[in-house]
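The sequence and structure are shown first.

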Amino acid sequence: MNTLYDTHFDLIVVGGGIAGSMAATAAGREGLSVLLIEEEGFLGGSLTAGGTGPMMTFHAGETQVVRGLPDEMIQRLMVKGLSVGHIPDSTGYTYTVTPFDAEGMKRELELMVREAGVQLLYHTTVVEAVPDQGTLKSITCLCAGNLFPLGSSYFIDASGDADLIAMAGIPFEQGREEDGKDQPMTMNFKLVDVDIQTIRNLMDTNVELFPFLAPKPGIQHRASRLSFSGFQDSMRQGMETGEITFDRDIVLCFETNAKNEVIVNMTRVLGKNPVDPIQLSEAEMEGRRQVWELYGFLKKHIPGFEQARLTYSGPRIGIRSSRRLKGFYRISVEDLFSERIFEDAISACGYPIDIHSPDGATTDSHFLRDGGYYTIPLGSLLNEQVTNVLAAGRNISCEFAAHASLRVSPSSGAIGQGAGTAVAVAIETGKDLFHIPMGVLHAKLRTAGVFLG
């Protein structure tokens, strides 16, 4: 008889993306009984279910600011030939990118959480979370037509969209402060048989086609897999002729771990709410329409794509921003640009503010100083309403513009490790999350290889 439903866990993590996987692994390695709930049949979230890639960036200048479990995952993939590791970002936009094999990542994340003693529950959705006097004691889940309760001392919402936080009645915000609009969603897709050498040659002879590359000429020669961003005139002409029927200003592609295979990050679904059931389905359909439109356009107009074949889209649309916790501390843009090192720091990030406009084609970027980074405080994961529920990943408490930096996958994974470790310290010391000894938390994180500034 399966006794899962009668089990009380130390920690339940909702969402098996990079943040949730790292949170569960960290807590499991600290000896906690951990259940990881995921609605897909595999781990990795947007990296494996949304076609997102590469991971960017683990670095700030020459300093690797994301280490610990996310980096361990990459090192494990490298040993198996499933990632080329951290390489220069040949778009010129940020410091490094980390290509990977998506199927390999599914398996490696699963190995990591299972080795840590974590119990996995796939194809499962949380449908109810009712706190009692400021504490969440159990959740109700749905899997294969079965409704069942699960109890835990702590919960981490690593759903990306703050689903558990919303269901538990914990305050959250969404979108830009002035109008609630989110960044557009993107349906990524993969093409094989792209002639990457043709693109490399163009980067040597026509650097003006690649605007972010211009200040860093030749960086592409240090990248074993090519990332490129450019061809703005071609995109403009495509919109003028009607071949492209949505607002997009640039060709943006990233070679994967497999040579001559690229992830195309170009679709742009505007004006849809990613946590509205009807609008989310509409976004999926619109994203897929745009994929086929772009596929034809790239083959016809962009050098090197003449023989490209479409092998994969989605299968879930990529969501950049949605709900964010209204937490104990709200990370500000000022925190980023002042490169703040918090007393309760759990991770660090060096990615720029990267806002894909909710209004149209443009991307609004604001860069930290070269080599600059900031930290993420534990307080931005916590709330005072239901104190045993933490956020982890892109749903933590922050301003909309700050979110546009810290949301990226290396940062989300590092935040997840911090969240899982914080729960372990709370249980070990018998303190609530607001009063755990920072010295103990920081010692555990540093022992696990985490960079804290």
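## Basis

The model is predicted, and local features need pLDDT of at least 70, side-chain atom pairs count only at pLDDT 80 or more, while totals for chains, interfaces and linings use all residues. Residues are numbered from 1 along each chain as its sequence is written, and side-chain values use heavy atoms, leaving out hydrogens and water.

## Salt bridges

The whole structure holds 33 salt bridges (a side-chain nitrogen of Lys or Arg within 4 Å of a carboxyl oxygen of Asp or Glu). One of them joins R76 and E108 at 2.7 Å, N to O. This pair links distant parts of the chain, with R76 in helix 3 (residues 68–79) and E108 in helix 4 (residues 102–115), 32 residues apart; helices are DSSP runs of H or I with at least four residues, strands runs of E with at least two, both numbered from the N terminus. R76 and E108 are both buried (under 20% relative accessible area; exposed is over 50%, partly exposed in between, with a 1.4 Å probe and protein chains only). A network of salt bridges links R29, E72, R76, K80, E108 and E115.

R176 and E178 also form a salt bridge, their closest N and O atoms lying 3.6 Å apart. R176 counts as buried because its relative accessibility is 12%, whereas E178 is exposed at 62%.

## A buried serine

S412 lies in helix 11 (residues 409–429) and is buried, with a relative accessible area of 6%.
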